[in-house]
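Visitor: Hi! I'm new to protein structures, so please show me around this one.
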Amino acid sequence: MRENFLPFSPPYIGEEEIEGVVDSLRSGWITTGPKTKRFEADFAAYLGAPAALAVNSCTAALHLGLICNGIGPGDEVITTPLTFAATVGVIEHAGATPVLVDIEPDTMNIDPAAVRAAVTDRTKAVICVHYGGHPCEMDDLQAICDEHDLLLVEDAAHAIPARYRGRLIGSGSNPVAFSFYATKNLTTAEGGMLTGAPEMIDEAIVAHLHGMNRDAWKRGTKSGSWRYDIAMPGFKYNMTDLQAALGLAQLAKLEHMLARRRAIVARYDQGLAPLDAFDLPVEREGCESAWHLYPLRLRDGALKLTRDEFIEELRARNIGTSVHFIAIHTFSYYRRKYGFVPNDFPIAHRESERVVTIPLHPGLSNEDVNDVIEAVADIVKKFRA
Ligand SMILES: Cc1ncc(COP(=O)(O)O)c(C=O)c1O
């Protein structure tokens, strides 16, 4: 058994990131400034995005994506219950009503047929979540949105870099929100990016910093002005140059980090499939996952222990795990407000109850991966039904 604890997802930080942050500290420019602007430009260029705005979280990017497209009170926004709280929280913040629909069993992404069935006269937008980095069925979702004149917002917290039919997620004109939280494929400790149509990004630039006009961040420079206007009561969603310094260094090694993730996934597939106790993650034809997560789903009746006990057995073997996700409709706020019961979304409920995510990050050595496979195999041997 492994001697030291293997954490679920520590950041992959090298000297480049450290030097970048120190350089910003020495430069005297620590908040939004030239590095943030460079990070936005480089990120947009990498994706081929029409425009990009760096913000302090994916949650902020999602919120801006809704409000800068006029989503507000009286509107319904369709989304998935198998996501992090932020995806649905921002719909509430916009004053709109979240309408949850079930997911597809293989990818655990929102089911386009369920989206279609949920559209009403009040539906104004859909937020799809590329779960674990696997792209949603975008052709189908876009067709439904075009037919009903709906905004399609993409929660790409896990999906950097992911491709759908050859196109990078974030390269189109939909609002797309990325997360650079500490555990994500590209991290700035905390942070996010909104990509999409230039007109929307123009509005988001104002909304994300107090409602100030475009170049307000420059007011401390020689070329900037102390005078500014407030066009709306905006938010405090800006990214700092310290974060952007991390982001620039991480972006430079994104492809390398993805290649390592893919190699680990191949090892996991090879080691875990023969155990015949789990449904393993899939990659659909025409899709390239960003492989943010490796979800294992315990097959019904395969093992004589619950998912929660399985997590404890892994912990006892020094393997860290997580659960993505506790389904949204089972949380007290949403139960209270919308009267949800677990089986309202039977697939999301079932997957949420049997999923465990095991360590997947570029810092894992082959020995670490073998330790995880060995620990899982040991549990299967001990608890096979
Ligand atoms: C699917 C999903 N959406 C949104 C978020 C929110 O990201 P952030 O912490 O950058 O606001 C997360 C974070 O874990 C997430 O997993």
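Visitor: Let's start with F325. Where is F325 found?
Guide: F325 is in the loop between helix 10 (307-316) and helix 11 (332-338). A cis peptide bond joins F325 to H324, with omega about 5°.

Visitor: What should I know about the model itself?
Guide: It is a predicted model, where local features need pLDDT of at least 70 and side-chain atom pairs count only at pLDDT 80 or more, while totals for chains, interfaces and linings use all residues. Residues are numbered from 1 along each chain as its sequence is written, and side-chain values use heavy atoms, leaving out hydrogens and water.

Visitor: Back to the backbone, then. What joins I160 and P161?
Guide: A cis peptide bond, with omega about -5°. P161 lies in the loop between strand 5 (151-155) and strand 6 (163-164).

Visitor: And A189, what's its phi?
Guide: About 75°, which is positive although A189 is not a glycine. A189 sits in the loop between strand 8 (176-179) and strand 9 (192-195).

Visitor: On to the ligand! Which residues come nearest?
Guide: T59, D155, H158, S179 and K184, out of 15 residues around the ligand. A residue counts as near if one of its heavy atoms lies within 4 Å.

Visitor: What kinds of residues make up that shell?
Guide: There are 6 nonpolar, 7 polar and 2 charged residues. Ala, Val, Leu, Ile, Met, Phe, Trp, Tyr, Cys and Pro count as nonpolar, Asp, Glu, Lys and Arg as charged, and the others, Gly among them, as polar. Helix 3 (58-67) and helix 4 (85-93) each supply at least two of the shell residues.

Visitor: Last topic: how many salt bridges does the structure hold?
Guide: It holds 28, each a side-chain nitrogen of Lys or Arg within 4 Å of a carboxyl oxygen of Asp or Glu. One of them pairs R354 with D279, at 3.1 Å from N to O. That pair links distant parts of the chain, 75 residues apart: R354 is in helix 12 (residues 346-354) and D279 in strand 10 (residues 278-279).

How values were computed
Helices (H or I, at least four residues) and strands (E, at least two) are DSSP runs, numbered from the N terminus.
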